Structures are given as structure tokens and as C-alpha cells.
Amino acid sequence: MELAAAYQPGEVEVRRYEQWVDSGAFSADPASDRPPFSIVIPPPNVTGSLHIGHALDHTIQDSIIRRKRMQGFETLWLPGMDHAGIATQNVVERQLAATGTSRHDLGREAFVQKVWEWKAESGGTILGQMRRLGDSVDWSRERFTMDEGLSKAVQTIFKRLYDDGLIYRAERIINWCPRCLTALSDIEVEHSDDDGELVSIRYGDGDDAIVVATTRVETMLGDTAVAVHPDDERYKHLVGTEVELPFTGRRIPVVADEHVDPSFGTGAVKVTPAHDPNDFEIGQRHGLPSLVILDERGVVTAHGPFEGLDRFEARPAIVAALRAQGRIVAEKRPYVHAVGHCSRCKTTVEPRLSLQWFVNTAPLAKAAGDAVRDGRVRIEPVELAKRYFAWVDNMHDWCISRQLWWGHRIPVWYGPAGEVVCVGPDEQPPAGEGWRQDEDVLDTWFSSALWPFSTLGWPADTPDLQKFYPTGVLVTGYDILFFWVARMMMFGLYAMDGRQPFDVVALHGMVRDQYGKKMSKSFGNVVDPLDWMDRFGADATRFALARGSNPGSDVAVSEEWVQGARNFCNKLWNATRFALLNGATVGSPEERSEAQRSDRGGSAEGPLPTELSAVDKWILSRLQHTVAEVDEYFENFEFAKACDALYHFAWDDVCDWYVELAKPVLAAGGAGAAAGRRVLGHVLDQLLRLLHPVIPFVTDELWSALTQQTSVVREAWPVVDRALVDDAAEAELASLQRVVTEVRRFRADQGLKPGQRVAATLSGLAEASIAAHESLIRSLVRLDEAADDFAATATVTVSGGVTVALDTRGSIDVAAERARLTKDRAAAEKEAAGCRAKLGNEAFTAKAPADVVAKINDRLTAAEAELVRIDAALAALPA
RNA sequence: GGGCGCGUAGCUCAGUGGGAGAGCAUCCGCCUUACAAGCGGAGGGUCGCAGGUUCGAAACCUGCCGCGCCCA
């Protein structure tokens with residue numbers, strides 16, 4: 001098969017992906033007797049499209065699952081999306097607003113219908129983009145959190161938790177977004193240090209006056225107490241008295257509470273139980289009333305002069321009014337303090353007293369922490385487990401109700417006489433006059449928390465669930481350890497009788513730009529993976545990301561990185577092209593069919609020749625090291641290292657050395673050439689297999705061309721063959737490389753043109769065990785045999801005892817030669833001096849381990865030999 | 001305010017007690033029959049700073065400086 005001169009990804013990618021899917025290569029079979037290995041995809045938002053973070057996350061998952069598939073596991077990578085309650089509702093509401101209508105005009109049922117229509121029409125763009133990336137997911141098992149089955153799972157677990165007393169309804173301070181008009185959970189609030197103001201206000205007059213400091217002046221309208229620390233001598237006499245609240249005429253008590261910080265402001269704080277979580281607790285302890293003075297949009301509802309003002313308008317208005325009354329004691333502006341924002345729309349969150357549904361997380365979080373503590377679930381990298389524990393061990397109850405229409409409606413009905421009935425999935429809701437269902441829907445993460453088993457058919461005990469639960473690994477960014485991972489742990493352990501949802505959590509970082517900066521639209525440094533795939537190919541995009549991904553660390557990528565990855569793909573392409581042009585083979589058809597019957601998992605490869613050259617032995621030995629190394633890196637999720645090892649093996653060992661060394665052998669023909677063709681075929685076969693999980697398209701195309709087989713997708717993953725590890729061959733080649741490199745240095749320093757042939761004699765090859773390779777060396781560095789008129793004008797000596805005498809046919813650049821030798825001498829001298837210093841140190845020889853001392857001794861011997869060699873060469877130089 | 005992490009070549013990052021590395025970028029020479037998306041060669045680092053532990057520290061400990069993230 002002829003290959004084009006350069007790799008063109010576009011056509012190959014489309015064709016290969018279709019072929020993979022059509023052949024059922026990604027389909028999982030629960031009836032298989034292979035051991036299972038499954039991954040559920042972190043479900044992207046139905047509104048979303050593929051961004052660079054997905055590309056990284058998917059590349060890692062695909063690399064893992066493709067390797068497991070090659071290792072003979074029955075693999076399942078299950079795709080799907082979540083309904084993204086707030087985000088999706090926002091999108092459709094914006095569409096409605098553009099046409100001058102609103103969800104309230106439409107009504108709930110019609111609005112939800114609209115969302116479904118939008119989902120069908122333009123939702124799930126990302127699924128097509130996943131195909132471009134090459135995701136080897138089982139499309140027949142695609143799920144959506146709002147599907148009938150998953151909705152049933154949601155209702156089932158809600159009912160179960162409710163019946164166990166782990167879900168309850170209560171009036172609490174929750175985070176409220178006045179723009180989205182819904183409650184948020186704690187982790188949907190982002191805190192930032194913002195410029196605000198700290199205002200000290202005098203309540204009361206005369207001896208009974210007390211000054212409180214606050215950043216939220218406007219909530220004073222809802223104050224129901226002033227609190228001081230019980231030990232604060234400044235205020236002891238006031239505890240138990242009352243002060244009059246400005247504007248309202250209400251008299252509020254001064255209470256003593258341990259939680260007041262005497263060092264903050266004046267040591268006295270206003271207490272607004274309905275609009276501050278700490279104040280709410282103080283209110284609970286002292287039996288204070290809670291007055292809600294802001295409506296759902298953050299507009300003042302308290303009767304009086306400020307009614308109808310937005311909270312941010314009310315603040316300066318109230319400050320001004322207080323100032324007019326002479327009640328402003330101090331003002332500090334700007335005063336930097338932490339402010340919560342809605343993670344969806346960035347609106348300042350309003351703590352708000354309201355009636356919501358909560359999950360009592362204490363027992364669930366305990367189990368989630370224990371599963372990691374006792375080793376049933378491994379978090380990679382292990383350092384991030386600390387963060388996980390910090391979260392699960394201090395978890396607050398989870399507010400799960402959302403005042404939205406798009407989502408799973410809370411399955412609770414209220415009766416005319418105040419009855420509350422939680423309805424299970426197979427039960428009929430109570431009918432009749434006066435019964436109504438709770439208006440709210442559940443937090444999207446509530447359904448996402450069920451993902452590892454709801455997608456496999458739970459609550460039914462399906463073959464998929466039996467075969468593929470628990471999943472093998474969960475791959476996601478460390479940023480959603482709390483949002484999602486901890487919650488899956490809680491619900492998985494609870495619903496599946498203590499069986500964890502996954503054995504390993506492999507966390508990766510965020511993708512950053514070439515300077516390590518966070519990508520952001522406002523900064524203009526966001527890269528679009530689709531653009532990269534268009535220009536450089538999916539494989540290059542994947543390789544660039546994987547090659548930068550160390551466990552738990554952020555990945556900095558630039559266009560240059562992707563170019564480098566593209567160049568690498570092209571290098572592989574051309575190496576294979578060279579191999580095919582030179583008759584590389586994976587064995588005769590007879591040998592191959594024999595091999596496929598063998599117990600090596602159908603290797604599709606015939607046996608290797610028994611007679612191998614040192615060069616062949618060397619590359620095969622290097623291959624074994626690479627296989628071992630790459631395997632270990634994959635097991636530890638060290639994709640950067642796995643990619644780097646493969647990159648260097650492919651480029652340095654195979655392309656730069658093996659192929660160059662093989663050229664004269666292949667050209668010479670005969671048995672050596674036949675063996676070389678076979679070894680080259682084998683090495684490429686193995687290399688393409690090793691690279692296939694990360695760069696599936698180009699490797700599959702090349703492997704097919706090389707082997708005349710359909711696809712490498714389900715071919716066996718390489719294993720180390722200890723019999724092929726050959727230290728002697730490696731030493732021999734290292735020696736050969738030293739000679740070649742030294743002569744090349746000499747040539748470059750002397751300004752000899754690369755193509756210029758030079759007559760030379762080589763001596764000492766036998767002592768260096770490379771006598772057999774003289775002609776190879778000559779061909780690599782373009783040295784001709786010495787003719788009768790040979791007259792050496794320069795000598796290159798190499799550590800190991802090889803000497804190359806060259807006739808440069810003219811004057812040599814003595815200065816350049818001296819410069820090179822002097823530099824080498826300085827390096828050798830530095831090495832020798834360092835070794836001598838250590839060995840001369842009695843403390844070192846007495847206390848350092850014997851093997852270390854011996855090693856330093858060896859290094860000194862070698863360095864001194866170098867000095868002798870270089871000094872001789874320098875002395876031989878013309879003056 | 002509490003916690004975690006980072007600081008190594010121009011950039012991005014490996015290296016965690018015993019020879020300072022990689023990729024890209026830079027410089028020099030080359031279109032050499034697989035590949036110019038390439039080949040050969042070279043330069044470049046007080047391992048943030050200061051102490052300490054050790055025979056030995058980029059690595060371990062302490063402090064400081066700078067940066068980042070998470071939580072409140």
C-alpha cells in the first residue's frame with residue numbers, strides 16, 4: 001500500500017470513526033466472560049459545546065478505555081449529557097425574551113415542552129464533536145438525566161432518602177440568586193473579595209446607645225437584635241436592654257452571644273436573622289423573630305421610605321438618611337470583604353430565609369469519606385484526597401430544591417389538610433380536591449450524583465449494572481471534586497448497598513494557555529479544540545493535551561505544542577511509509593494465521609527471525625523497556641510521561657537511529673535485510689499499538705497499511721518479552737552512537753558540508769566491541785575508505801578507545817578543534833575534580849554507602865581516562 | 001481569616017538525598033531518495049532568597065519573598 005508523502009488527517013478521521021462505530025468496536029456486551037472495565041463520561045451540559053477542557057478529559061478517558069480494550073477487558077465507555085437546569089432554562093428564557101414573551105406567559109407545561117423542543121433541535125451539539133475527537137463511547141447506551149429511566153432513578157432515590165429521614169423540608173437561610181430567582185447550594189456560590197463599605201451606625205441615644213458595624217446597611221430594616229460578646233466589658237451593662245431601630249420605631253434587644261467577635265468593628269453587631277446565615281443562628285439561639293425585608297428580586301418590601309428600592313439602591317439611601325439623623329459614626333470605603341456570587345450569572349447572592357428541601361448529608365458524607373479512607377476508592381493524585389476529606393468531613397446539609405421549571409419535579413404532594421406525601425416511582429400520586437405537587441425541581445447535581453448506576457439501568461438489576469458496576473475509574477477535573485465526585489460517592493454507596501461507584505478517581509487539571517494563564521473570554525486566550533482539530537487533526541490535539549497532562553496538574557498548551565504533536569504524527573506516518581517502501585513485514589500470511597491461533601491473544605503477527613543483528617537486538621531491547629515504562633505510566637495516569645516515552649522511542653530510537661542504521665542493511669539485501677524488514681515491521685506494529693490509545697486515527701490507518709488488517713482497535717496490547725532485553729546489544733549500540741556523534745561534532749565544528757565525503761581510518765573498534773559495525777558507521781558519517789594517497793590531517797578520539805583518523809584534504813581549522821577539545825577537557829576536569837573532592841573527604845568514604853563510593857571511583861577513573869585521551873589529542877594538534 | 005500547592009533554561013514543565021533534564025524557542029550548517037511538518041550540530045540554569053539538617057540538598061526542615069487555587 002502506498003502512502004501519501006504527508007499525513008492528511010481530515011479524510012482519515014471521518015472514515016475511521018465511521019468504520020469503528022459500524023463494526024461495533026465500541027459496543028459493550030454484558031454477557032461477555034471477559035473481565036469488565038467501565039467508565040461513565042462526566043455528562044456535559046446539554047447546552048454545551050466541546051471546549052478544550054472536555055477535549056482533555058475525553059482524551060484521557062479514551063486513552064484509558066482503548067488500552068483496556070486492547071488488554072482484553074470487556075470495556076464500556078458510557079456517554080450522555082445532563083439537563084443543566086439553570087443553564088438550559090436560561091437559554092430558553094432568553095429565546096423567549098427575544099420574541100417578547102416569557103415562561104410565565106407560556107405557563108409551566110408549555111415552557112417545559114419548549115425546552116424539550118430546543119433540546120431536540122440544537123441540544124447535544126457536543127455529541128457530534130465527541131465523534132470528531134474520536135471518543136470510543138458506546139453510542140447505543142447514550143443517556144440523558146431527564147430520560148424516563150434516569151428520572152425514575154431520581155424519584156426512587158428521593159423516596160428512599162425521604163423514607164429514611166435523610167431528606168427533609170425546612171425554613172433556612174439559603175443562597176438565593178435574585179436574577180435566576182432560585183435557591184442555590186453552597187457550592188454554586190463563588191466567593192470573591194470585593195470592594196464594599198463598612199459603616200458604623202449608632203442605634204439608640206444617650207447612655208443606652210450602641211454602635212454596630214456592618215457591610216450591609218440596607219438589611220438593618222430587618223434587624224431584630226444587637227449582639228455583643230458575653231465577656232465584652234464595654235457592653236455588659238447593655239445586655240438585656242433594648243434600643244430603638246431607626247426608621248421603624250421597633251425596639252430590639254441587646255443580646256449576648258459567644259459567636260460575636262469582639263475585635264470586629266465596634267464589637268457589637270446588628271442581627272438580621274432573615275438575611276444572614278450567622279444572624280439566623282444567633283436568632284435561633286435567642287428566640288428572635290426573622291423579618292424578611294427583601295423580595296425575591298432583592299427589592300425592599302419593608303414598609304417605609306425605602307420600600308420598592310433595589311437592595312443596591314437602598315444601601316446609599318439608608319446611609320444618607322442615617323447620616324441626616326447623625327447616626328453614622330464611621331465609614332470605611334472601600335472595605336474589601338468576601339461577597340458571594342451566583343456561579344451561573346455572577347449576580348451577588350442574597351442570603352434569604354426560605355422554605356426548601358435539604359439532604360441530611362452527615363451519614364452519607366461519613367460513608368463517602370470512609371470509602372476513601374479505607375482504600376476502597378483511590379484518589380489520584382493522592383494529594384487531592386486531603387481536599388476531598390476537608391469537604392466531606394465538613395459538609396453542610398445540601399439544599400436540593402430549585403425554583404425552576406426545567407428539571408426533576410420534587411415528588412411530594414401536599415393535601416388540603418396539610419398532608420405531605422412523598423410518592424415513589426411506582427405509586428399513584430394522591431388525587432382529589434386540594435392536592436397539589438411541590439412546585440420546585442431538584443438540583444441538577446442530584447440526578448448527576450446517580451450517574452454511575454442510573455445510566456446502567458438502576459433501580460432495575462440489569463445485566464449492565466451487574467457487569468459494569470462499580471465503574472473502573474472516574475476521570476474528571478479537580479474543580480468538580482466537590483460538585484460531583486463527592487455526591488456520586490454519597491449516593492452510590494447509599495443506593496448500591498455500600499458498593500462504591502468507582503474504584504479510582506483520576507483527577508486532571510485545567511487547560512491553560514502557553515503562559516500558564518487561565519483561559520477566559522475576556523482575556524481573549526481561549527482556544528477552540530475544534531479549530532485545532534481542523535488545522536492539525538484530532539490526533540495532534542489529543543497528543544498535545546495528553547503529553548502535557550500530569551496527574552492533578554494544570555496543562556499549559558499553545559499552538560506550538562499542537563504543531564509539535566502534528567509533526568510527530570507526520571513523523572510516524574513517514575516512518576511507516578519508509579517501512580512499507582522497504583518491504584517491512586509482520587510475517588508471511590501463513591505465519592500470521594498461525595500466530596492468530598496462538599495464545600498470545602491473536603497477535604496478528606508472525607514470529608521474529610532467530611538470527612538477529614546487534615542493531616535489531618538493540619531496537620527490540622529498547623522496545624521492551626518502552627513497553628514496560630509506558631505500561632507503568634498508564635497505570636498511574638501519568639499520561640505526560642507515557643507520551644514522552646513514546647515520543648522519544650519513536651523519534652530518537654526508531655527514526656533517528658534504527659531506521660538510519662537499517663537503510664544500508666536493507667539496501668544490501670540477503671538474510672540481514674529480510675530480518676531487518678521483519679524487525680522493522682514488528683517494532684512499528686508494537687509502537688503503533690502503544691500509541692493507539694492516545695492517537696487512534698493515524699495509528700489505525702498506519703497499522704492497517706502495515707499489516708493489511710482492518711483495525712488495531714481490538715488488537716492485543718503489547719507485553720514485555722524479557723527474552724528480548726539485551727544489555728550487551730544496548731552497550732554495543734551506545735558505543736556505536738558515541739563514535740558517530742563524535743565524528744558528527746568534528747564535522748560540524750570543522751564546517752564540513754553534510755554531504756561531503758571524507759577519507760578516514762578507524763581503529764580500536766574491536767576493543768569497543770563494534771568491529772562489525774565499521775561500514776555502518778562509515779555510511780552514517782560519510783567516511784570513505786582510505787586510499788593510497790591517504791594522509792590524516794586530523795584525529796578524532798572517542799571515549800572507549802576508538803580513534804578516527806581523517807584526511808580532510810586541506811588545512812583543518814585548528815582553532816575550532818582546540819576549542820572543542822578544550823571544552824571537553826574542562827568538562828572532564830570538572831567531573832574528575834568533583835569525584836576527587838568526594839573521595840578525599842573522609843566523612844564521605846566513611847559514611848556514604850559502599851555502592852555510592854564505588855560509583856564515584858568509577859566516575860573518577862573514566863574522567864581521568866578522558867583527560868589522558870583529550871590531552872593526547874590536544875598535544876597532537878599542530879601549533 | 002483558615003487550608004493546600006507552586007517557584008528549576010527565554011516559555012511550558014519533568015526531576016524529591018549521590019552525574020541539572022525534556023519539548024518548544026534561539027544560533028550555525030544542510031532540500032542527504034521516509035519525512036523541510038525534516039536532518040546534523042551548538043549555546044543557554046547561583047534550581048526564588050536566607051538559615052539549618054546531612055559526608056552530600058534542586059530535593060528534607062525553618063523563616064522570608066513572590067504567585068496560584070480551594071474554603072469561610
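Author: What follows begins with the surface near the RNA and then turns to the backbone.

This is a predicted model, in which local features need pLDDT of at least 70 and side-chain atom pairs count only at pLDDT 80 or more, whereas totals for chains, interfaces and linings use all residues. Residues are numbered from 1 along each chain as its sequence is written, while chains are lettered from A and ligands numbered from 1 in the order in which they are written.

A residue is called near a strand if its C-beta atom, placed from the backbone, lies within 6 Å of it. There are 53 residues around RNA strand B, and those that come nearest are Ala556, Asn567, Asn574, Phe578 and Ala843. Among the elements that give two or more residues to this surface are helix H18 (559–581), helix H21 (639–668), helix H24 (727–749) and helix H28 (850–876); here helices are DSSP runs of H or I with at least four residues, strands are runs of E with at least two, and both are numbered from the N terminus. The most is given by H18, with eleven residues. Sorted by class, the surface near RNA strand B has 20 nonpolar, twelve polar and 21 charged residues, where Ala, Val, Leu, Ile, Met, Phe, Trp, Tyr, Cys and Pro count as nonpolar, Asp, Glu, Lys and Arg as charged, and the others, Gly among them, as polar.

Now to the backbone. Most residues other than glycine have a negative phi, and most peptide bonds are trans.

Ala84, which is not a glycine, has a positive phi of about 45 degrees, and it is found in the loop between strand E3 (80–81) and helix H3 (85–98). Ala84 is buried, with 23 other C-beta atoms within 10 Å; a residue is buried if 20 or more other C-beta atoms, placed from the backbone, lie within 10 Å of its own, exposed if 12 or fewer, and partly exposed in between. Arg782 also has a positive phi, near 55 degrees, but Arg782 is partly exposed, with 17 other C-beta atoms within 10 Å.
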